[in-house]
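Please keep the sequence and the structure in view while reading.

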Amino acid sequence: MNSKDKSWKEISPAGVCWKSSKTYLTGDWKSFTPDRDVKKCTKCLLCTIYCPDAVIHWNAEKDDIEFDMNFCKGCGICANECPTKAIVMKIA
Amino acid sequence: MKSVVKQETQAVNGDEAVALAVKQADVDVVAAYPITPQTIIVEKFSEYVSNGEVDTEYVCTESEHSAMAACLAASATGARVFTASASAGLALMHEMLFVTSGCRAPVVMAIANRALSAPLNIHGDHSDAMAERDSGWIQIYAENAQEVYDSVIQAFRIAEHLDVQLPVMIGLDGFTLSHTLENVQILTDDTVRGFVKTRQFPVVLTHDGKTFPFRLDPEAPMTMGPVAYPNYYFEFKRQQEEAMKNAMNVIQQINDEYAQLTGRTYGDGLIEQYRLEDAEITVVCLGSTAGTVKAVIDELRETGIKAGLLRIRTYRPFPAVAIAKALGKVKAVAVMDRSMSFGGRGGAVFHEVRHALYDLPTRPYVVNYIYGLGGRDTSPTQIKRVFEDLRKIVQTKRVEDLVHYLGLRE
């Protein structure tokens with residue numbers, strides 16, 4: 001709790017969200033963080049499909065994938081699914 | 001007498017009275033699972049659906065848990081929703097009752113009050129609804145089939161009121177009311193439609209700072225009832241308590257409005273006082289037993305005994321202030337509980353009535369009578385014995401036993 005939290009008179013009923021989930025950064029929940037070895041990565045993009053939080057994107061300009069760590073909960077599915085073992089999970 | 005709207009006398013039992021009221025109240029969705037002694041309600045209503053007498057969407061679910069889940073979802077989209085249950089069915093709904101009140105879904109549910117197993121028993125008592133008293137639902141207990149009919153109609157207005165937005169449970173005693181034929185004054189369909197109106201929605205702040213009517217709509221999306229962490233959960237519960245407080249006024253307003261329309265009133269909507277103004281000894285009870293108590297009071301008054309009744313019609317929100325005011329000059333009170341709070345030193349109604357009287361400058365003696373469990377009949381002779389006990393307490397200024405079991409073989 002902090003001083004910015006609203007009182008019961010100020011919030012919508014029934015838990016209706018008054019903020020977008022985009023503003024709720026869930027990335028700080030994680031205990032483990034993905035670490036990618038670019039030499040092993042074939043850019044097959046399987047990780048972009050498997051990531052349950054849509055954290056991994058294809059960036060056409062960079063011609064590479066990128067991670068939005070604000071929303072990565074560290075579940076490790078990307079590491080588990082990576083066919084070349086380019087992603088390993090490390091302590092966050 | 002004031003002129004009231006046109007009404008027609010029909011011989012119906014309590015369950016049929018519920019079905020009739022729901023038929024007239026322009027209900028969009030009924031999702032239910034039958035259980036004795038509520039079965040007639042959903043049977044009768046599915047007849048209306050089958051005959052095309054209503055355009056209600058009727059959902060046959062596979063359990064009561066699912067029935068309440070369907071009711072909540074339908075209500076969240078803005079539909080007017082009704083269901084009915086009893087006993088084990090209500091118990092199976094337990095989890096969803098909290099979700100429904102927490103999502104502020106104004107579902108209306110009739111409960112044909114019945115005992116809980118074990119041993120298995122299908123007959124009337126208040127164990128089922130009393131076990132749900134903290135579920136965030138408004139609870140109204142009716143005395144007769146007429147009140148059942150009237151209360152169901154009123155319930156939609158109470159539940160959907162912008163200051164309330166809470167689900168409502170109407171209790172009718174199993175078999176005593178649910179299956180007993182009575183003459184009931186039935187309003188015309190137009191009168192009921194005019195009274196219940198269409199459902200209204202408060203405007204709420206949603207994500208991205210937008211405001212929309214409080215309902216699920218693909219054109220105006222919002223998230224209802226998601227996870228709330230320790231930093232916000234408490235605040236949402238406090239809102240529900242405020243809605244209960246508001247309901248106290250709303251129930252009285254609706255009772256007044258309904259009285260002007262129909263000529264019928266149930267006390268102030270919260271409590272009903274019978275020959276209480278000069279009473280020295282008083283019974284407090286809920287539901288159909290009040291009828292028996294009234295008949296006994298009339299007899300006792302003939303012999304000069306100043307007996308009275310306070311019937312709690314609305315049990316949640318609990319009208320503590322009104323009860324304290326009504327019982328302020330009484331010398332001894334017998335609170336009747338038709339359910340047990342095992343190990344609780346008396347029943348739930350007893351605890352709360354006694355608590356309501358604590359702040360009075362002079363407190364009456366307050367004793368408890370557990371009665372009528374599992375459909376056991378409660379006779380006028382037994383009620384007379386209760387009043388006799390109260391007279392003895394007043395005379396001797398001494399309470400021997402705090403909790404009594406009325407009609408139990410010792």
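**Domains and sheet of chain B**

In this predicted model, the domain assignment of chain B gives domain 1, covering 7-201 + 231-262, and domain 2, covering 271-406. The C-alpha centres of domain 1 of chain B and domain 2 of chain B are 27 Å apart.

**Contact between the domains**

- On the domain 1 side of chain B, 28 residues are in contact with 19 residues of domain 2 of chain B.
- At least two residues of the side of domain 1 that touches domain 2 are supplied by each of helix 5 (127-130), strand 6 (138-141), strand 7 (168-173) and helix 8 (233-262) of chain B, and the largest share, five residues, comes from helix 8 of chain B.
- By residue class, this side of domain 1 of chain B divides into 13 nonpolar, 10 polar and five charged residues.

**The open sheet**

- Six strands of chain B form an open sheet of mixed pairing, in the order 11-13-12-15-16-17.
- The edge strands, strand 11 (271-274) and strand 17 (403-406) of chain B, each pair on one side only, and the twist from one strand to the next averages 25°.
- Strand 12 (residues 281-285) and strand 15 (residues 332-337) of chain B pair in the parallel sense over four bridges, and Val284(B) stands opposite Val335(B) of strand 15 of chain B.
- Helix 11 (residues 348-357) of chain B packs on the sheet, where it touches strand 12, strand 13 (307-312), strand 15 and strand 16 (365-371) of chain B, and the direction of helix 11 makes about 150° with that of strand 15 of chain B.

Terms used. Residues are numbered from 1 along each chain as its sequence is written. Chains are lettered from A and ligands numbered from 1 in the order in which they are written. This is a predicted model: local features need pLDDT of at least 70, side-chain atom pairs count only at pLDDT 80 or more; totals for chains, interfaces and linings use all residues. Domain bounds come from an automatic or database domain assignment. Two residues are in contact if their C-beta atoms, placed from the backbone, lie within 7 Å. Ala, Val, Leu, Ile, Met, Phe, Trp, Tyr, Cys and Pro count as nonpolar, Asp, Glu, Lys and Arg as charged, and the others, Gly among them, as polar. Two strands pair if DSSP finds at least two bridges between them. Axes are lines fitted to C-alpha atoms, for helices over the stretch in contact, and angles run from 0 to 180 degrees between N-to-C directions.
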